[in-house]
Amino acid sequence: MAHGRLPGAEPAAATAEDRLLWEQVRAALRSESGARNFETWLAPLAFLRCEGADVHLAAPSAFLADWVNTHFAERLRQLWAQRRPGSRHVIVTVQAGGAPVVGIAANSADIVPDTEMALSLPIESRYSFENFVVGKSNELAYNAALAVAATGTPGFNPLFLHSTTGLGKTHLMHAIGNALQARMPHAHIIYMSAEKFMIEFLAALRAKDSIAFKQRLRSADLLMVDDVQFIAGKESTQEEFFHTMNEIISSGKRLVLSADRSPQNLEGIQERILSRMAWGLVADINPADYELRLNILHAKVAALPNAVAVPDDVIEFLARRITANVRELEGALNRVAAYASLVNQPVTLEFARATLADLLRAHERKLSIDDIQRKVAEHYRLKLSDLLCARRAREVARPRQVAMYLAKKLTPRSLPEIGRRFGGRDHTTVMHAVKRIEELRALDRELDADVVLLTRQLDG
Ligand code: ADP
Ligand code: MG
């Protein structure tokens with residue numbers, strides 16, 4: 001590696017100015033490459049920092065880093081060089097576990113006020129109520145969002161949406177923006193991240209232009225501020241934010257906020273702000289259950305470009321295995337579909353497993369012998385102790401053999417170890433069980449079906 005950095009030295013934090021450049025580069029990439037390409041390949045990239053001639057970006061997987069390096073490296077370099085002369089290399093590294101959070105440099109002298117820059121981020125037309133799939137875990141938030149977008153005055157203000165990442169808060173905010181704009185074409189809608197609120201506010205202060213900033217914000221008919229947890233700890237920004245909230249609410253304009261947790265769990269934010277936030281309707285979005293994940297996938301498949309066929313077993317596989325959040329679910333589907341059309345292959349279960357290997361590994365839950373014993377006992381309506389005891393009656397011996405067989409197939413445990421975990425049996429007993437079940441699977445369809453079902457339930 002040819003970085004001119006001292007070994008052990010902390011890499012410099014991203015400056016606010018560089019972060020703004022990255023926002024511009026991203027906006028340019030989005031409009032050049034189309035929303036879908038952008039979402040699949042470029043949106044997961046995170047900006048780390050600039051260091052001399054190097055621009056450091058992070059990708060969540062090796063696959064994605066490769067892809068970006070092969071297809072977008074040169075374009076990325078050009079876009080950076082146009083905005084930051086002297087940028088000669090774009091370096092994409094892998095940082096598993098999602099995009100790192102990059103803090104704004106504390107040094108606000110880095111911020112270049114740009115009065116030309118719009119205060120509102122664009123409302124994305126691809127996020128609508130129509131393509132938001134509703135289930136038990138998000139229906140409160142969905143209905144509340146619909147109410148905010150209706151023409152009458154909603155019975156609550158503000159609407160505060162909260163959830164962990166990737167569950168649809170930003171989607172709902174854009175949906176509100178789109179729907180309200182359609183119903184009230186003259187409505188002035190501002191959507192911004194809390195981070196942008198802070199950057200713009202500090203820039204306005206430095207330019208001695210904060211009156212204009214306040215006026216622009218307070219002229220909104222609908223103000224939406226996304227990810228408000230980011231104003232934690234920043235006193236002058238909080239002060240301004242508080243006054244903005246009050247004015248919007250007291251003048252009967254709509255206010256929508258989102259955060260990664262509920263108001264009472266936000267830390268580093270003034271009490272009066274928190275109670276103002278909780279004043280209206282607080283709606284949380286919970287992780288999607290299996291059924292909702294399936295419905296979302298079906299909807300996303302139907303909306304895929306060039307009608308890539310995704311068979312049901314692949315959809316069920318994704319819904320079972322990718323449980324963390326909808327963003328990952330959608331990303332996995334897009335990756336499989338995009339890669340299949342790229343290499344011109346049909347989407348099969350095997351293809352999906354191979355394409356998503358890195359992602360799936362990260363999610364792999366260590367399956368234990370306990371899990372297997374419990375599941376098998378439940379399946380055959382036995383007590384756990386029956387599987388472990390010495391009784392040899394057929395109705396317990398067979399399930400016990402099935403459990404041993406599954407322990408061998410689905411965990412990396414050795415035969416002696418498995419024997420020990422089944423009431424201290426010898427490894428030859430386990431070996432015999434494995435062989436016996438293998439034979440029986442070819443002869444006994446009912447038993448084979450049991451094994452297939454149990455494997456699926458245990459292993460996805
Ligand atoms: P958050 O803001 O909560 O982190 P986003 O709104 O950015 O999450 O959602 C992440 C992705 O998942 C987006 O592409 C969004 O369209 C999609 N998504 C989330 N929930 C749903 C849903 N219920 N129906 C359809 N798409 C959804
Ligand atoms: Mg969001």
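Predicted model: local features only at pLDDT ≥ 70, side-chain atom pairs only at ≥ 80, totals over all residues.
User: Start with the open sheet of 5 strands. What's the strand order, and is the pairing parallel or antiparallel?
Analyst: The order is β5-β6-β7-β4-β8. The pairing is parallel.

User: Which strands stand at the edges?
Analyst: β5 (189–193) and β8 (281–284). Each has a single partner strand, so one side of each is left without a neighbour in the sheet.

User: And what does the twist average from one strand to the next?
Analyst: It averages 15 degrees.

User: How many bridges join β6 to β7?
Analyst: There are 4 bridges between β6 (residues 222–226) and β7 (residues 254–259). The two strands run parallel. For a specific pair, take Val225: its bridge partner in β7 is Leu257.

User: Which strands does helix α6 lie across?
Analyst: Helix α6 (residues 169–183) lies across β4 (159–162), β5, β6 and β7. It runs at about 165 degrees to β6. Helix α9 (residues 235–250) also packs on this sheet. α9 touches β6 and β7, and its direction makes about 140 degrees with that of β7.

User: Now the sheet with β1 in it. What's the order there?
Analyst: That open sheet has 3 strands, ordered β1-β2-β3, with mixed pairing. β1 (46–51) and β3 (89–94) are the edge strands, and each pairs on one side only. Neighbouring strands are turned by 25 degrees against each other on average, direction ignored.

User: How do β1 and β2 run, parallel or antiparallel?
Analyst: Antiparallel, with 5 bridges joining β1 to β2 (residues 54–59). Cys50 has Val55 as its bridge partner in β2.

User: Switching to helix pairs. At what angle do α18 and α20 cross?
Analyst: Helix α18 (residues 394–410) and helix α20 (residues 427–443) cross at roughly 100 degrees. Their axes come within 8 Å. The two helices are therefore roughly perpendicular to each other.

User: Which residues meet there?
Analyst: From α18, they include Arg398, Met404 and Tyr405. From α20, they include His432, Ile437 and Arg441. By class, the contact has 8 nonpolar, 3 polar and 6 charged residues.

User: What about α7 and α8? How do their axes cross?
Analyst: They cross at roughly 145 degrees, and the axes come within 7 Å. Helix α7 covers residues 194–206 and helix α8 covers residues 210–218.

User: Which residues make that contact?
Analyst: α7 gives Phe197, Glu200, Phe201, Ala204 and Leu205. α8 gives Ser210, Phe213 and Leu217. The classes are 6 nonpolar, 1 polar and 1 charged.

User: Last topic. How many residues surround ligand 1?
Analyst: There are 18. The closest are Val133, Gly166, Thr170, His171 and Glu330.

User: Which polar atoms of Val133 and Lys169 lie 2.8 Å from the ligand, backbone or side-chain?
Analyst: For Val133, a polar backbone atom is 2.8 Å from a nitrogen atom of ligand 1. For Lys169, a polar side-chain atom lies 2.8 Å from an oxygen atom of ligand 1.

User: And what is 2.9 Å from Lys300?
Analyst: A nitrogen atom of ligand 1 is 2.9 Å from an N or O atom in the Lys300 side chain.

Notes: Residues numbered from 1 in each chain as written. Chains lettered and ligands numbered in written order. Heavy atoms only, no water. Pairing = 2+ DSSP bridges. Axes fitted to C-alpha atoms, helices over the stretch in contact; angles between N-to-C directions. Contact = heavy atoms within 4.5 Å. Parallel < 35°, antiparallel > 145°, perpendicular 65-115°, else oblique. Nonpolar A, V, L, I, M, F, W, Y, C, P; charged D, E, K, R; others polar. Near = heavy atom within 4 Å. Polar contact = N/O pair within 3.5 Å; in protein donor to acceptor, adjacent residues only side chain to side chain.
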